[in-house]
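Colleague: I would like to learn how to read a model of this kind, one feature at a time. Please give me the general idea first and then the case at hand.

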Amino acid sequence: MTTPTSTKPDTRPAAAAAPGRSAPRRWAPGAGVLVAVALLMFVPAATDSFYTFVATRMLLLGLLATAFNAVFGFGGMSSLGHAAFFGIGGYAVGIGVTRWDWSPGTVLAAALAAGALAGAVFGLACLRVRGIYLLLLTLALAQALFGLAFYQTEWTGGDNGIPNIPRDGLPAAVREGDGYYRLTLVVVVLCVALLWMYQRSPLGMSVVGTRESESRMSAAGYRPGALRTVAFAVSGAFSAVAGVLEVYLQGSVSTASMSWQISADVLVYAILGGARHFFGPFLGAVAVTGLEVWVSTYTDRWMTVLGVVYVVTALFLADGVLGRAASLLRLARTKSGAGSGTSAEART
Amino acid sequence: MLTWLTHTVNGLAYGSLLFLVASGLTITFGLLRTVNLAHGAFYLLGGYLAYDLASDGTDYWIALALAVLAAAAMGTVVQRAFLHYVAGRELPQIVLTLGIAYIIGDQILANYGGDPVAPQTPPGLEGPVTIGDWTFPKFRLVMIGVAIAVAVFAGALLRFTPTGAKVRAAVDDEEIARAVGIRVPLIFLLVFGFGTGLAAFAGVWGGAFTSLSPDSGFDMLLLALIVVVVGGLGSIGGALLAAFAVGLIDQYGKVWFPEWALFTLYASVAALLAVRPRGLFGKAVTR
Amino acid sequence: MRTSLRLAAVASAAVLVLAACGGKDPASGKGGGPQQNAAGNGAKGTVTVGLLNPVTGPFAALGTDVNAGFELYLKSKGGVLSGYGVKTSKADEGTDAAQGTTKARQLVEQDKAQVVVGLVNSAIAYAVAPYLEQADVPLLVTVAGADGLTRKQNGNTFRLSYTSSQDSMPLGPYACKDLGYKKAVILGLDYSFGWEAAGGFARTFKDAGCTVTKEIYAPLGTQDWGPYVNQVDKDADVVFAVAPGQDGVRLLKAYRDFGVKVPVIAHGSTVDETILPTEGASAEGVVSSLHYTPQIDSPANKELVKAFSDANGGKSANQYAEEGWAAGMALEAALAQIDADPTPAKIRAALAKVKIDAPRGPVLFDAYGQAIYPVYMRKVESKDGKRVNSVVSTVPNVTQFFTYDPQAYLAFPGYDKLKGSWAK
């Protein structure tokens, strides 16, 4: 992939390699994730309340990035409009709770439904569009929704947004601080697990198939258009959940939750972490969020530092941190085991 | 009656500004397949440099020329040092140019502060011109002419000059172009420098039109993207027509239903793209 | 392998170049360490102040000036206010509520700020204020204007700057009666601040017996105001304009370019000193109302004007610098009432009783925590080759309710709902 002219970098789906693995190596990642989740339960105990807050945001942005990747990394469609879904989830909380006194369960259901619906609309609108045009079309759609949110002040409060959203509906134990962190962790783990299962399901695999070769999938009797729409709907629904978590955390929602910068940020999370790997985008979200908080503590020029990180990412980590790590690992393995010929690692 | 004439001509003038920004973007995209989100940053860079030089007492036209050349030079550096290595890969290009846009915007904020600045109106073009009962700003009227001139000039450059022929050859089939001795990397470098130079020129003139602040780069970028996409990526004529169309729609939209202006603009662009994915005049990409 | 070596070489060169660019940062001294300064030695102890203002994004200029105003006042007092050494901890409010609340929490939970000063963006203020209330940390707002922030009696939030409608309300009767304009057109920015500022003017202008004939609103970040200035009726007596920052520059430029002859009056932020040099001749003659202008002739103001100009290379002081400066004074006056152990409850009680002679004039807080202060009618004039806002008239003791009964005023529908109804 290092040749500058190659248009498609590593196109091998990470998931597709799984059947070739031996049993212990297949279970190792799963066990690792379990251990990681168990450790994450102790974050509030190990750090102060501020870091717990930051960790909460990392988790929900991680979910956003993972949901985004269902379209981006696995669906092969570069969206620049995911702020729309995130914002829809946020406004589901803001409008639902302040107007109709919705319970968190109702909010969640509404956000899932609205996110899925918006995702399906995006997917349908993008049926004929590929590559850069898809990027710009999703941007235009999200900006149109932003325009709606900005001017329908009756509903959204416009740029000032909806302040003081009550959290009374949540059980007292998880309403704020450490409790809310644990609630977020549970919801995020659940959603990520569902996304994992979706990605491994025949449905998710066939979406990957359309990414690889639309014509073959269509010849095999699949309907790529429908598959793409489904991918967008799934992605939209879980992105909206991330928005719900964010707004319950902040207690307010405004048009800033729908600004195109969020769409750009999440794209960078995915690329930086490694879009070909299920956990790559999550890792990217955690890394960038942490970096922002850390650097801005020391200098006002944190935007410049962020810019440098973006440039370095594009030049050296086009496959993401995980992609880089995986290729280094492969390199090390081929060197050490050059004689034994590990054919399972060969690319097809 | 005269009011409508004013609205129409002003729509065209605003469209001309959009075209000046979009022209560089459509050239770098259409010819290099480079998605340059730093385009707005080069717009800012040109405007601020010219403003800086002119306020130090440099002659306006010299300041303009220096700002455009400096931005073009910086554009070629960015192309050679960074974009060159991610040629043909859209996603890294987006991340890279976004990063460069952040850096340039933040450095402008650090060096010039956040208060808005306005490069001066070109000498001789200040104030309104009056024809009968009709009054219109001279500068805006000239802007329409300049936009058309830039479109003709850039179009002719590509179509009728040997360099233009080389550029087209390099774009159509890079390998063959290399084989027949065209120095493709050099060509790409020139084209990118030309594109960023155009952005800087738009910044100097557009800055006089709308003033500049470290954040206005992204505002202009989004509008320019719309124009480029509607016109069809890579089509200069398409961009000009699209810019005029967007300018007029924007103008009349603001007069008729101002509260829906933001929504209607983006929604109609989205609808157009969903139906005509290549925009109005875009060629099918043979890749 | 060769490719990646070359890549590495080029990129490291690039990073060096970028680092060199970064080195030009004139704000040096800020970078390279946590943004805190040590407390001066106070006899009564120390107080930690969290300064939460934007230093990036569209409001960076405003936030930087507020910070500078506060720090300059602190410096003039040797870092000690009323016997307390003041330790400041600065954070970037940023551009959205997510960053704003993150930084507010960092100031409170890590830096242990005992009072937070700042906030420019109203959406962020709406998100941060409830958090600070819950965390029991008093908040002193210095710019954010949303009317709704100071509507609760004996709350945790105090505001030295205007509510969006407060400064434009005195302009209504002044324009109608003193200036004799009978028919006004409103030309404003289409967002909360614009509606509230325009609504405040429209309400008092109509109640004084004059009429609003048209309302024109343009979206935030409008590049070209041509379509809007061309909708101004030629037979109107006056245009009331409200568009702070870059939008104000564009509005006035388009207004003059198209040769519209109707006189302009404005909310003061449309022609404040941060944009006046850029507006230049296009602002000449504009009458506006605001609680501050550097032209105020008082010793307190002259001290600020000189200190700010000296520290910022000749840049003129402005309302934002004054608000930061006044925040220092208010804090000093509050701490003077506290003998030891400044608990949040003590600070709140003391702030409520604060009376200061700020550069703008006498300031105190109403029961809702909103500042009461004089509002100046100012006119843009040329003086010593520079354009300034000269004082033409003063309205003392303006509250957020102006001359209306607070209960009646609070019962009015919000300005976002009234927008569009003034001309009917």
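Colleague: In which sense do strand E14 and strand E15 of chain C pair, and over how many bridges?

Modeller: Two strands pair if DSSP finds at least two bridges between them. The elements themselves are DSSP runs, numbered from the N terminus: helices are H or I with at least four residues, strands are E with at least two. Here E14 (residues 371-383) and E15 (residues 386-398) of chain C are antiparallel, with 10 bridges. C:Ser382 has C:Arg387 of E15(C) as its bridge partner. The two strands make a hairpin with two residues between them, and C:Asp384 in that turn has a positive phi of about 50°.

Colleague: What should I know about the model and its numbering before going on?

Modeller: The model is predicted: local features need pLDDT of at least 70 and side-chain atom pairs count only at pLDDT 80 or more, while totals for chains, interfaces and linings use all residues. Residues are numbered from 1 along each chain as its sequence is written, and chains are lettered from A and ligands numbered from 1 in the order in which they are written.

Colleague: Which strand does E11(C) join through four bridges?

Modeller: E11(C) is joined to E14(C), and the two run antiparallel. C:Leu290 stands opposite C:Tyr376 of E14(C). Strand E10 (residues 264-267) of chain C also pairs with E11(C), here in the parallel sense and over three bridges. In that pair C:His267 has C:Ser289 as its bridge partner.

Colleague: Are the faces of strand E11 covered or open?

Modeller: Start with the count: a residue is buried if 20 or more other C-beta atoms, placed from the backbone, lie within 10 Å of its own, exposed if 12 or fewer, and partly exposed in between. In E11 (residues 287-290) of chain C both faces are covered: C:Val287 and C:Ser289 on one side, C:Ser288 and C:Leu290 on the other, are all buried.

Colleague: What is the strand order in the open sheet of six strands?

Modeller: The order is E2-E3-E1-E4-E5-E6 in chain C, and the pairing is mixed. E2 (80-81) and E6 (157-159) are the edge strands, each pairing on one side only. Inside the sheet, E4(C) and E5 (residues 139-141) are parallel over three bridges, and C:Gly118 stands opposite C:Val141 in E5(C).

Colleague: Which residue other than glycine has a positive phi near 80°?

Modeller: That is C:Leu119. Its place is the loop between strand E4 (115-118) and helix H4 (122-135) of chain C. C:Leu119 counts as buried because it has 32 C-beta neighbours inside 10 Å. A:Asn164 also has a positive phi, near 50°, in the loop between helix H7 (153-156) and helix H8 (177-200) of chain A. With 13 such neighbours inside 10 Å, A:Asn164 counts as partly exposed.

Colleague: At what angle do helix H1 and helix H5 of chain B pack?

Modeller: Two packed helices are described by the angle between their axes and the distance between the axes. The axes are lines fitted to C-alpha atoms, for helices over the stretch in contact, with angles from 0 to 180 degrees between N-to-C directions. For H1 (residues 2-32) and H5 (residues 138-160) of chain B the angle is about 30° and the axes are 8 Å apart. That makes H1(B) roughly parallel to H5(B): angles under 35 degrees count as roughly parallel, over 145 as roughly antiparallel, 65 to 115 as roughly perpendicular and the rest as oblique. H1(B) passes H5(B) in a left-handed crossing, where the near helix is turned anticlockwise from the far one by less than a right angle, clockwise being right-handed.

Colleague: How many residues of chain B are in contact with chain A?

Modeller: Two residues are in contact if their C-beta atoms, placed from the backbone, lie within 7 Å. On that basis 33 residues of chain B meet 37 residues of chain A. Helices H4 (90-112), H9 (216-231) and H11 (261-275) of chain B are the elements that give two or more residues to chain B's side, and H4(B) gives the most, with 14 residues. This side has 26 nonpolar, three polar and four charged residues; Ala, Val, Leu, Ile, Met, Phe, Trp, Tyr, Cys and Pro count as nonpolar, Asp, Glu, Lys and Arg as charged, and the others, Gly among them, as polar.
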